[in-house]
There are 2 protein chains.
Amino acid sequence: MPKSSVLSGPPLRERSETGTDARILESAITLFAQRGFSEVTVRDIAEHAAANPASISYYFGAKESLIKQAIRTVVAPLNEQRLAALDALEASGAPLRHEDVVRAMVEPTVRACLGGVGPERHYARVLVLTFALRQPFVDEVMSEQTDRVAARFVDALVAALPDFDRATMYWRFDFMVGALIHILLDPSRGYRLRRVSEGGADTSDPAAVIDALVRFLSAGMLAPPGP
Amino acid sequence: MPKSSVLSGPPLRERSETGTDARILESAITLFAQRGFSEVTVRDIAEHAAANPASISYYFGAKESLIKQAIRTVVAPLNEQRLAALDALEASGAPLRHEDVVRAMVEPTVRACLGGVGPERHYARVLVLTFALRQPFVDEVMSEQTDRVAARFVDALVAALPDFDRATMYWRFDFMVGALIHILLDPSRGYRLRRVSEGGADTSDPAAVIDALVRFLSAGMLAPPGP
DNA sequence: AAACGTATAAAACAAATGTTTGAAAAGGGA
DNA sequence: TCCCTTTTCAAACATTTGTTTTATACGTTT
């Protein structure tokens with residue numbers, strides 16, 4: 001029987017880095033990102049992790065908290081990287097340029113999702129799943145992980161473009177997130193885009209994706225505000 | 001037993017506009033959009049439609065084909081509206097302006113999702129679900145419904161901005177779709193955006209959303225292309 | 001070696017799921 | 001009215017689901 005039966009805290013046991021629990025979490029993330037939360041069964045995860053189904057309850061409790069933990073594990077490192085990039089910009093002392101703020105958001109995400117190795121490589125799909133599902137318990141985790149990052153980036157955008165009001169920049173930050181996630185969504189690396197464009201565009205080169213995104217979004221940020 | 005057992009064609013029976021089958025389809029769309037495909041059971045749908053669970057198999061066959069039909073019913077009318085808007089632009093004889101092309105994409109979508117009454121009001125959520133899940137049978141429907149629309153819009157963008165190459169415009173079209181869908185995703189009408197922005201921005205006014213989107217995206221379309 | 005907290009395993013559990021069955025009701029011409 | 005098709009419904013079906021149980025092995029400490 002699990003040791004600590006804390007009221008809501010996730011870890012029923014301390015989590016290791018190489019043990020069965022780590023294998024379960026990694027398998028869960030991979031499968032969730034591939035097929036969705038409800039579509040993947042605990043038996044699927046157990047099999048993929050070469051573990052017993054019971055060990056999932058043993059380490060993570062209910063499936064819901066495994067999902068929450070999976071989301072945290074995917075989202076947290078990317079948010080760290082983005083905030084670090086923003087910190088670096090602000091620490092330089094030079095005045096903020098809006099295209100650098102955009103890049104601080106875009107670059108870690110694209111690099112992680114295209115060719116990354118950690119759990120954050122599944123960021124785009126996991127994020128879209130949480131947005132699409134919007135079950136309360138998922139919303140909770142999302143907000144806990146992402147709200148402060150959004151606020152910090154909007155602050156930075158407003159600082160870089162003082163002529164625009166904060167509300168406008170909130171809109172545009174969300175436009176940026178939408179474009180960014182959507183382009184990274186495709187599991188087969190631009191399959192849809194490539195098929196539709198008959199080979200004209202593909203998303204296999206991270207640098208090209210970053211460049212295209214930053215150009216487009218930076219120009220959008222500069223659009224004249226409404227009346 | 002159902003009349004026609006066609007090999008793959010969706011309608012096992014002719015579909016009516018007011019009968020039990022119509023009620024089932026509408027309930028299915030509403031519930032799917034709210035909670036996701038796998039999260040909604042056929043019993044949920046039957047109860048919401050005041051019908052018998054068996055009538056779902058009777059009219060639609062397996063749950064999978066009900067899902068496919070739901071997607072079609074939501075996506076098709078919006079694509080019609082967008083193509084009609086594009087037709088109107090081109091029929092006017094005047095040279096295409098890229099911001100009008102953007103508007104032809106954005107305006108019907110926002111109006112449908114914010115205050116629309118038909119099945120297409122669930123467009124954003126259903127589309128994100130299909131993108132997020134990417135099960136083969138869902139992919140099929142999506143591609144059947146959306147590929148030609150994407151191609152037409154990219155054509156129009158290239159016609160409006162001949163200095164940019166087609167590949168670039170494919171990228172940017174996808175950025176547009178991402179931003180558009182993402183901003184419309186929130187079920188409680190900008191709840192997340194409003195909470196995060198402390199009241200500064202909300203998505204309750206369709207005209208304001210359209211304006212903000214068109215400005216941002218049109219400016220993005222004009223961004224200088226890469227080297 | 002003995003004992004103890006930890007980890008794994010197979011099996012069992014109850015609940016929920018998509019789908020089918022078979023019979024009853026409703027409808028609509030002849 | 002009779003006959004035939006179409007629709008509805010309650011019940012049953014076989015799986016699959018998340019989770020728990022119970023027992024056995026493991027590893028460390030005494």
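This is a predicted model: local features need pLDDT of at least 70, side-chain atom pairs count only at pLDDT 80 or more; totals for chains, interfaces and linings use all residues.

Mentor: Start with DNA strand C. In total, 17 residues surround DNA strand C. The closest are Thr41(B), Ala54(B), Ser57(B), Ala62(B) and Lys63(B). Now look at the elements. Those that give two or more residues to the surface near DNA strand C are H3 of chain A, along with helix H2 (42-48) and H3 of chain B. By class, this surface divides into 8 nonpolar, 5 polar and 4 charged residues.

Turn to DNA strand D. Two or more residues each come from helix H2 (42-48) and helix H3 (53-60) of chain A, and from helix H3 (53-60) of chain B. H3(B) gives the largest share near DNA strand D, 4 residues. The classes are 8 nonpolar, 5 polar and 4 charged.

Between them, 8 residues of domain 1 are in contact with 8 residues of domain 2. The domain 1 side of that contact has 5 nonpolar, 2 polar and 1 charged residues.

Last, check the confidence. Chain A has a mean pLDDT of 87, and 85% of its residues reach 70 or more. Over residues 1-12 of chain A, pLDDT stays under 50. For that stretch the model has 11 contacts beyond four places in sequence.

Conventions. Residues are numbered from 1 along each chain as its sequence is written. Chains are lettered from A and ligands numbered from 1 in the order in which they are written. Ala, Val, Leu, Ile, Met, Phe, Trp, Tyr, Cys and Pro count as nonpolar, Asp, Glu, Lys and Arg as charged, and the others, Gly among them, as polar. Two residues are in contact if their C-beta atoms, placed from the backbone, lie within 7 Å. pLDDT is the predictor's confidence in each residue, from 0 to 100. A residue is near a molecule or strand if its C-beta atom, placed from the backbone, lies within 6 Å of it.
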